[in-house]
Amino acid sequence: MDEKRTVDLILEGGGVKGIALVGAATALVENGYAFARIGGSSAGAMVGAIMAAMQHANEPFSRVDDIMRTIDYEAFLDRRPGSRALNWWPRAADAWGVLFHLGAHPGRYMEQWVRGVLADLGVRTFGDLAFPDPGSSLPPGESYRLVVTASDLSRQRAMFLPWDLRAHDVDPDEFSVARAVRASAGIPFLFEPKRMTSPFGTLTLVDGSLLRSYPIEIFDRTDGRPSRWPTLGVRLSSPAGQRAKAKPVTSPIDLLTNLIKTTVDSTQVRHVSDPTSIDRSIFAKPRGVRWTDFDLTPEQRTSLFEAGHDAATRWVQKHPAGPAMSDLRAV
């Protein structure tokens, strides 16, 4: 692989705003960048999985945008048979799902959609994304083109899939990539958690953004040797410390929503607020779209893509030589 423009890419979670990640990655490819490994959470896991599968199949990168623009996000909000009788009253149907299944929607359509897209590209399990790389500081059992995060509520810790699977007596080469993406994208209360059997008991996995929305450091070398290429990340939020307008919390729903958001943001600060992390981050914050706006219009999809594309283009213009190798930040 040409190391001049090779990077490991990290993609932040952000619900439907993940289309901006595609725009940013497209701009990087247009400027000669190639991605050795991809790490991501939630929407970043979904986009990253499709990108890694494209590379596996040697497909043109433009197909990623084609796929993401045609997602039927509203279909992601599927219903169980028992709650369909309440379709005329959506809030009651949501409450029924949360009460009996811990999630308003089962998320089966999402997983099936991801599985179908990846299968068309020849990717079913993480074994299909194995990345033979003897120069890496990672052990051979952790060399994959894709790593996604999930939050294990049953043990109160982050999980990195497929890396952490062996510790649970699961063969990562046989584990479904679509299942991992579905776990990483399982927004609490909105989607039913994914379950996984382990020697430690049954794990309850939800959105990776809850604990590790932006795992910028996961591919950093730890053996003291110089890096072969840098890590570059794309965020869907603003730099730490940027002024933000106060939003009144006036209802129980507001309280719950902001409690989750505050928890997520606070867990990221120590990982992404240092100067080296900011310097290797592209901030592609879209405006006018919430991460749960599943009824995106074609114009909003285009706006999201352009927000990411413009942000990455500005970053490339500001860093014509690419990320600083002096940071020694990649495996």
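This is a predicted model: local features need pLDDT of at least 70, side-chain atom pairs count only at pLDDT 80 or more; totals for chains, interfaces and linings use all residues.
Axes are lines fitted to C-alpha atoms, for helices over the stretch in contact, and angles between them run from 0 to 180 degrees between N-to-C directions. Two packed helices are described by the angle between their axes and the distance between the axes.

In the pair formed by α5 and helix α6 (residues 177–184), the axes come within 9 Å and cross at roughly 140 degrees. Because angles under 35 degrees count as roughly parallel, over 145 as roughly antiparallel and 65 to 115 as roughly perpendicular, with the rest oblique, α5 is oblique to α6. The crossing of α5 past α6 is right-handed. On the α5 side, the contact is made by Met 110, Glu 111, Val 114, Arg 115 and Leu 118, and α6 contributes Val 177, Ala 178, Arg 179, Val 181 and Arg 182. By class, these residues of the α5 and α6 contact comprise six nonpolar, no polar and four charged.

Helix α5 (residues 108–120) also packs with helix α2 (residues 43–57), at an angle of about 15 degrees and with the axes 10 Å apart. That angle makes α2 roughly parallel to α5. Here too a right-handed crossing is found, as α2 passes α5. From α2, Met 46, Ala 49, Ile 50 and Ala 53 take part in the contact, while α5 supplies Met 110, Trp 113, Val 114, Val 117 and Leu 118. The residues of the contact of α2 with α5 are nine nonpolar, no polar and no charged.

Val 47, Ile 50, Met 51 and Met 54 of α2 make the contact with Arg 63, Val 64, Ile 67 and Met 68 of α3. This contact of α2 with α3 divides into seven nonpolar residues, no polar and one charged.

In soluble globular proteins, nonpolar side chains tend to be buried together. In this model the largest nonpolar core has 75 residues, and those with the most contacts inside it are Phe 35 and Met 51. Helix α2 provides the largest share of this core, nine residues. Apart from this core lies another, of nine residues, including Ile 10, Trp 163, Ile 218 and Phe 219.

Conventions: Residues are numbered from 1 along each chain as its sequence is written. Side-chain values use heavy atoms; hydrogens and water are left out. Helices (H or I, at least four residues) and strands (E, at least two) are DSSP runs, numbered from the N terminus. A crossing is left-handed if the near helix is turned anticlockwise from the far one by less than a right angle, and right-handed if clockwise. Contact means heavy atoms within 4.5 Å. Ala, Val, Leu, Ile, Met, Phe, Trp, Tyr, Cys and Pro count as nonpolar, Asp, Glu, Lys and Arg as charged, and the others, Gly among them, as polar. A nonpolar core is a set of buried Ala, Val, Leu, Ile, Met, Phe, Trp, Tyr and Cys residues joined through side-chain atoms within 4.5 Å. Buried means under 20% relative accessible area, exposed over 50%, partly exposed in between (1.4 Å probe, protein chains only).
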